[in-house]
Amino acid sequence: QKWAQIPMDIDILLTHGPPLYHGDVCETVDEELQSNCVGDAALMQRILQVQPQFHICGHNHEGYGVTMHKGMDTVFINAATLNRDYKVANKPIMFYIKKRKTKIKQ
């Protein structure tokens with residue numbers, strides 16, 4: 001499984017596509033899934049395990065914005081700047097990284 005390769009000690013996770021329920025809503029319903037949420041369920045499971053400070057994606061243009069997941073401190077950012085018609089429509093999203101409480105071994 002590709003998502004198992006995500007290390008447990010990361011602060012920022014950057015993927016092309018969104019996890020399930022965060023930045024993954026589309027205007028149309030996927031017939032196979034019977035849902036308008038098109039995020040990756042396995043990716044979401046791995047994020048629940050790793051709990052990085054931030055998860056950033058952008059593939060789903062309609063899902064632009066910032067969300068949180070109940071019981072987690074992870075900030076989910078869909079930073080897609082283009083809309084569904086590939087026109088620049090969304091502003092860049094700025095975020096700040098908290099300093100680690102423990103030192104990283106080198």
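Trainee: Why does Arg84 count as partly exposed?
Mentor: In this predicted model, Arg84 has a relative accessibility of 42%. Buried needs a value under 20% and exposed one over 50%, so a residue in between is partly exposed.

Trainee: What makes the contact of Arg84 with Glu62 a salt bridge?
Mentor: The N to O distance between the two side chains is 3.3 Å. The cut-off is 4 Å between an Arg or Lys side-chain nitrogen and a carboxyl oxygen of Glu or Asp, so the pair qualifies. The two residues are 22 apart, with Glu62 in the loop between strands E4 (54-57) and E5 (65-68) and Arg84 in the segment after strand E6 (75-78).

Trainee: How many salt bridges does the structure hold?
Mentor: One.

Trainee: Why is Glu62 called partly exposed?
Mentor: Its relative accessibility is 27%. That value falls between the 20% and 50% limits, so the label follows.

Trainee: Is Thr15 buried or exposed?
Mentor: Thr15 is buried: its relative accessible area is 11%, and the limit for buried is under 20%. The residue sits in the loop between strand E1 (12-14) and strand E2 (25-30).

Trainee: What makes the pairing of the Thr15 and His55 side chains a polar contact?
Mentor: The distance is 2.7 Å, and the cut-off for a pair of N or O atoms is 3.5 Å. The Thr15 side chain also reaches the backbone oxygen of Gly17 at 2.7 Å.

Trainee: Which residues does Thr15 touch, not counting those up to four places away in sequence?
Mentor: Trp3, Leu43, His55, Ile56, Cys57 and Gly58.

Notes: Residues are numbered from 1 along each chain as its sequence is written. This is a predicted model: local features need pLDDT of at least 70, side-chain atom pairs count only at pLDDT 80 or more; totals for chains, interfaces and linings use all residues. Side-chain values use heavy atoms; hydrogens and water are left out. Helices (H or I, at least four residues) and strands (E, at least two) are DSSP runs, numbered from the N terminus. Buried means under 20% relative accessible area, exposed over 50%, partly exposed in between (1.4 Å probe, protein chains only). A polar contact is a pair of N or O atoms within 3.5 Å; within protein, one must be able to donate a hydrogen and the other to accept it, and residues adjacent in sequence count only if both atoms are side-chain atoms. Contact means heavy atoms within 4.5 Å.
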